[in-house]
Amino acid sequence: MHPMLTNAVKAARRAGGIINRASLDIGALTIRSKNYNDFVSEVDHAAEQAIIDVLKDAYPDHGFLGEESGSQDADAENVWIIDPLDGTTNFLHGFPQYSVSIALKQKGQITQAVVYDPNRNDLFTATRGRGAFLNDKRIRVTNRAKLQDSIIGTGFPFRDFSHLDTYLAMFKDMVKKTSGIRRPGSAALDLAYVAAGWFDGFWEIGLSPWDIAAGSLIVHEAGGLVGDFEGNEAYLESGNIVAANPKVFVQMLQTLSPHLTEELKSKKR
Ligand code: IPD
Ligand code: CA
Ligand code: CA
């Protein structure tokens with residue numbers, strides 16, 4: 001394993017330990033609402049701090065972009081992008097589907113990625129150019145050819161409803177054109193599931209970089225394609241993301257395309 005990935009895994013497992021301990025007594029947590037339907041507990045903060053401590057110790061001159069603590073030295077050559085608990089709503093309800101997501105961005109490119117599911121002890125990892133793994137096993141996207149035979153993951157809008165009608169129109173089409181849609185509730189894990197071949201594809205509107213930085217590299221290294229709703233690269237910036245095996249990817253873009261508003265199209269640079 002690449003030494004930088006080893007350190008990211010150490011950080012993710014430490015955060016997972018904090019999350020697992022806290023899950024035994026959710027009632028004892030202090031929960032604060034950041035925004036409408038956007039909750040955070042001391043677990044999110046403690047897990048993020050643990051990750052940053054491990055990585056800062058190993059790499060004192062690296063920058064950080066964390067969901068809870070914001071950015072530190074974001075212009076550094078190496079920036080760690082962290083979601084300490086992806087799927088907080090699930091966690092706070094005791095619904096066992098959430099993850100820790102850590103990615104390293106080097107000179108603008110994601111090069112290392114970890115998505116860790118502390119419930120199942122599933123560790124999804126990737127290093128650019130070296131493939132994707134679940135625990136110690138190489139993983140690959142499916143080679144299912146038809147969207148009609150596919151299971152597709154997604155995320156429903158639940159905080160920002162500005163694209164709700166558009167989303168529902170996309171959803172209606174996808175329901176009819178696939179074998180089934182799933183909404184587990186952790187975007188980082190949804191992407192890891194595409195990489196592992198448990199989903200044939202995934203799409204969601206308006207995610208943040210920490211939700212998708214790690215998962216997108218894992219999909220890529222598992223032989224999948226990742227893009228925005230027009231199949232272009234800038235999904236980390238827009239947060240509008242489609243990820244799938246290459247055949248299903250094209251069919252998902254075709255299904256989404258009639259519904260794209262100007263705002264959801266790729267930004268011209
Ligand atoms: C959320 C989860 C969810 C997705 C939301 C994200 P959080 O992250 O990834 O699946 O639908 O858009 O914000 O807030 O639980 O870290
Ligand atoms: Ca998240
Ligand atoms: Ca989070």
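Which polar side-chain atom lies 2.7 Å from an oxygen atom of ligand 1? That one belongs to Asp86. Keep in mind that this is a predicted model.

How much of the ligand does the protein bury? Taken alone, ligand 1 exposes 370 Å². The protein buries 92% of that.

Now the surroundings. Ligand 1 has 15 residues around it. The closest are Asp86, Gly87, Arg159, Arg183 and Glu204. Sort the shell by class, and you get seven charged, four polar and four nonpolar residues. Strand β5, residues 78-86, supplies the largest share of that shell, with three residues.

Where does ligand 1 sit? In the largest pocket. And why does ligand 1 lie between two domains? Domain 1, residues 3-138, gives residues to the shell, and domain 2, residues 147-265, gives residues too, so the ligand lies between them.

One picture to take away: ligand 1 sits in the largest pocket, between domain 1 and domain 2, with Asp86 among its closest residues.

Technical notes: Residues numbered from 1 in each chain as written. Chains lettered and ligands numbered in written order. Predicted model: local features only at pLDDT ≥ 70, side-chain atom pairs only at ≥ 80, totals over all residues. Heavy atoms only, no water. Near = heavy atom within 4 Å. Polar contact = N/O pair within 3.5 Å; in protein donor to acceptor, adjacent residues only side chain to side chain. Areas by Shrake-Rupley, 256 points an atom, 1.4 Å probe, with all protein chains shown as cover. 1 Å grid on protein atoms, 1.4 Å probe; cavity = no way out; pocket = protein on both sides within 12 Å on 5 of 7 lines; lining within 4 Å. Sits in = over half its atoms within 2 Å of the grid points. Helix = DSSP H or I, 4+ residues; strand = E, 2+ residues; numbered from the N terminus. Nonpolar A, V, L, I, M, F, W, Y, C, P; charged D, E, K, R; others polar. Domains from an automatic or database assignment.
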